[in-house]
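Hello,

Here is the structure I promised to pass on to you. Please open it next to this email, and the notes below will walk you through what turned up.

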Amino acid sequence: MVSAMSESQVAPEHMTREEFRQAGLEFIDLICDYWEDIEELPVNPSVDPGSLLEALPESPPQEPESWDDIQSDVRRLILPAITNWQSPGFFGYFPANASAPAVLGELLSAGLGVQGMLWSTSPACTELEMRMLDWLGEMIGLPDTFMHSSGVGGGVIQGTASEASLVALVAARSRWSGGGELKAYASDQAHSSIAKAIRICGLQEDDLRLIKSDPDDAYAMQSEALEERIKLDVADGVAPFFICATVGTTSTGALDSVRELGRIARQCGAWLHVDAAYAGSALVCPEHRAMIDGIERADSFCFNPHKWLLTNFDLSALWVQDRAHVLNALSITPEYLKNTATERGGVVDFRDWQIPLGRRFRALKLWFVIRQYGVAGLQAYIRRHIELASQFEQWVEEDDRFELVAPRCLSLVCFRLRGDDDRTRELLERLNATGEVFLTHSAVPDSTGTMRYFIRMAIGATKTEDHHVQRAWSLIQRETSAVLDGG
Ligand SMILES: Cc1ncc(COP(=O)(O)O)c(C=O)c1O
């Protein structure tokens, strides 16, 4: 009995410095090999649901296991069952870029083990984030009023664009001082995370008015329809407190007019949030800034460097012009979080700018990425993908078996086989079955209101080059012939 008790009180053994170093080097090697060989791997794993679950023990090990066993299980069990998002043949959804400096930023963040909920719980975590969000804001052409340097606005790292929308929504609700039944407005092409944020806020589904987008205007929200709807709602005593403009919708990359929506928002006192989750990365190139013309009218703006700016998931950047509304909505200070720095004022506590309390040191990876590539390198990266997409778009246009569903948005090309949806569906299945490429689909109504299924070619994986896009086009040609010949 005595010996059992004392055994259980023995402190667990940590890895020695040398064991850790060795294991770390092996993992870095594993990542290098993975990146080098990724082209040879099928983009999607061919595994049956539940197969990993079956291979994993049902209960945790009672005794420590050797690191060699753990590491070999990564190769044996995990790698064969992942979707290879970093494959240059990955053209699905939107990209989720990984890069060497960002991975090193993640590693350092994990190693330092910092939890930066308050300025005082790690001053560097907060201040590096403030400076990085100011840098990034400047890089994408946001007005100075969105910067920390303004003393009023500022940016913050969120996990995802979904969380950013939720933060914007609660800030908008907190700012709304009139009465009335709260209503929010977004395009029928807005991301589903807006509807989810509405639910989380305790509002009802029909408290989000989905305003029709216009197929003849590249699926942008019809701002006249928005204005009309708000007029009717206000006449009914409703409170239009939040409008979301999407810059680069998920299905087709549609661009709502920030200027127009901003005008309407100002007229009715609503908060304007701009969701540029994917397209925002392209703003590092000045030639694409027309997409956010009128941004000075927005209250908040978000984009995801974790999609297309070489910064590993997760890192979504949110800026607001007036931080006071976010703080009013989210700041609660129990006794155990009180501290001298906060009480003296003059510090930013990012816990008040987000849903959770705790937060990782994510600014490190942004710092490394921006410094390692430089603004010029990031611009060249984005421009290269857009050029590839433009070439791809041209091939589609020149082949009269296909039609574009919407004009290309940056590096996203949406196309379908003319005629019945089933052909396009079959084409997509055949393409993905090759294992060489992975593309995804969506559907939008055409100008007659008929829903059209289409394939999205989203170029933007870190390692995608000319020949990968050419290969994808060859496969599309080959599989299209098979679909049309019934073979
Ligand atoms: C326009 C838009 N908004 C929001 C999101 C959600 O992004 P996240 O996964 O960061 O929440 C996406 C995802 O693709 C998107 O395209």
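Y219 is buried, since 27 other C-beta atoms lie within 10 Å and 20 or more are enough to count as buried. Before you read on, please keep in mind that this is a predicted model. You will find Y219 in the loop between β4 (213-214) and β5 (220-221). Its backbone is worth a look, because most residues other than glycine have a negative phi. In Y219, a residue other than glycine, phi is positive, near 65°.

L310 also has a positive phi, near 60°, and is likewise a residue other than glycine. This leucine sits in the loop between α11 and β9. Is L310 buried or exposed? It counts as buried, because 26 C-beta neighbours fall inside 10 Å.

The loop between α11 (305-308) and β9 (316-320) also holds D314. The peptide bond that leads from F313 to D314 is cis, and its omega is near 10°. As a reminder, most peptide bonds are trans.

**Helix α14 and its partners**

Now for the helices. Helix α14 covers residues 363-398, and helix α6 (residues 123-139) packs against it, the two axes being 9 Å apart at an angle of about 40°. That angle makes α6 oblique to α14. The crossing of α6 past α14 is left-handed.

The C-alpha atoms of I370 and M139 are 9.9 Å apart in space, while the two residues are 231 apart in sequence.

Which way does helix α5 (residues 100-112) run relative to α14? The axes of α5 and α14 cross at roughly 150° and come within 8 Å. This makes α5 roughly antiparallel to α14. Here the crossing is right-handed. On the α5 side you will find P101, A102, L104, G105, E106, L108 and S109, and these meet L364, K365, F368, V369 and Q372 of α14. The contact of α5 with α14 is made up of seven nonpolar, three polar and two charged residues.

From A380 to V284 the C-alpha atoms are separated by 9.7 Å, although the residues are 96 apart along the chain.

**Helices α15 and α16**

Another pair to look at is helix α15 (residues 421-433) with helix α16 (residues 466-484), whose axes cross at roughly 130° and come within 9 Å. That makes α15 oblique to α16. The two helices make a right-handed crossing. From α15, the residues involved are R423, E426, L427, R430 and L431, and they meet L475, I476, E479, T480, A482 and V483 in α16. By class, the contact of α15 with α16 has six nonpolar, one polar and four charged residues.

**The ligand and one more site**

How many residues surround the ligand? There are 15, and the closest are T160, S162, H191, T250 and A277. The shell around the ligand consists of ten polar, four nonpolar and one charged residues.

Lastly, have a look at S51 in helix α3 (residues 51-55). With 14 other C-beta atoms within 10 Å, S51 is partly exposed. S51 and L77 are 26 residues apart in sequence, and their C-alpha atoms are 9.6 Å apart in space.

Happy browsing, and do write back with any questions.

Best wishes

Terms used:
Residues are numbered from 1 along each chain as its sequence is written. This is a predicted model: local features need pLDDT of at least 70, side-chain atom pairs count only at pLDDT 80 or more; totals for chains, interfaces and linings use all residues. Axes are lines fitted to C-alpha atoms, for helices over the stretch in contact, and angles run from 0 to 180 degrees between N-to-C directions. Helices (H or I, at least four residues) and strands (E, at least two) are DSSP runs, numbered from the N terminus. Angles under 35 degrees count as roughly parallel, over 145 as roughly antiparallel, 65 to 115 as roughly perpendicular and the rest as oblique. A crossing is left-handed if the near helix is turned anticlockwise from the far one by less than a right angle, and right-handed if clockwise. A residue is near a molecule or strand if its C-beta atom, placed from the backbone, lies within 6 Å of it. Ala, Val, Leu, Ile, Met, Phe, Trp, Tyr, Cys and Pro count as nonpolar, Asp, Glu, Lys and Arg as charged, and the others, Gly among them, as polar. Two residues are in contact if their C-beta atoms, placed from the backbone, lie within 7 Å. A residue is buried if 20 or more other C-beta atoms lie within 10 Å of its own, exposed if 12 or fewer, and partly exposed in between; C-beta atoms are placed from the backbone.
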